[in-house]
Amino acid sequence: MSRVKSLLIRVEIDEAKKAHNCQANATHRIERGDKRLKVRNGRSWDHYCISCAAVIIGRDIATLQALQPRLQTPYVSPIET
Ligand SMILES: [Zn+2]
């Protein structure tokens, strides 16, 4: 294992073993066998449907891409998230 720490908390993509609601939006139903995003939350996991997962991943990619060039600039102002 690398000793360089990751910014990402533990995430996985798996298939729902039974039907349940998406944890970002209770009107999103995840059916048994659907792909879902698993995000570690303390000792348990949060589960999100594919459409919420796409939003979450897209937003985090954008945040990281905005952060990266700031390593090269001499002055950095606080980032707005
Ligand atoms: Zn959802």
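**View 1. Lys35 sits in strand β4.** Strands here are DSSP runs of E with at least two residues, helices are runs of H or I with at least four, and both are numbered from the N terminus. The model is a predicted one, where local features need pLDDT of at least 70, side-chain atom pairs count only at pLDDT 80 or more, and totals for chains, interfaces and linings use all residues. Residue numbers start from 1 along each chain, following the sequence as written. Is Lys35 buried or exposed? Lys35 has 12 other C-beta atoms within 10 Å, so it counts as exposed. The cut-offs go like this: 20 or more other C-beta atoms within 10 Å of a residue's own means buried, 12 or fewer means exposed, and anything in between is partly exposed, with C-beta atoms placed from the backbone. Setting aside neighbours within four places in sequence, Lys35 touches Ile13, Glu15 and Ile50; a contact means that the C-beta atoms, placed from the backbone, lie within 7 Å. His47 is 12 residues away from Lys35 along the chain, and their C-alpha atoms are 10.0 Å apart.

**View 2. Strands β1 and β4 pair up antiparallel over 5 bridges.** Two strands count as paired if DSSP finds at least two bridges between them. Lys35 turns up again here, as the bridge partner of Glu15.

**View 3. Strands β4 and β5 make a hairpin.** β4 covers residues 35-41 and β5 covers residues 44-48; the two run antiparallel, with 5 bridges between them. How many residues lie between the strands of this hairpin? There are 2 residues between β4 and β5, and Gly42 in the turn has a positive phi of about 65°. Asn41 faces Ser44 of β5, and Val39 faces Asp46 of β5.

**View 4. Three strands line up as an open sheet.** Their order is β1-β4-β5, and the pairing is antiparallel.

**View 5. Six residues make up the largest nonpolar core.** Who's in it? The members are Cys22, Ile30, Leu37, Tyr48, Cys49 and Ala53. A nonpolar core is a set of buried Ala, Val, Leu, Ile, Met, Phe, Trp, Tyr and Cys residues joined through C-beta atoms within 7 Å. Not counting residues up to four places away in sequence, Cys22 is in contact with His28, Ile30, Tyr48, Cys49 and Cys52.

**View 6. Helix α1 runs over residues 50-67.** From first C-alpha to last, the 18 residues of α1 reach 26 Å, close to the expected 26 Å; that expected span is 1.5 Å times one less than the number of residues. Why does α1 lie largely in the open? Of its 18 residues, the number buried is 1, so α1 lies largely in the open.

Notes
Contact = placed C-beta atoms within 7 Å.
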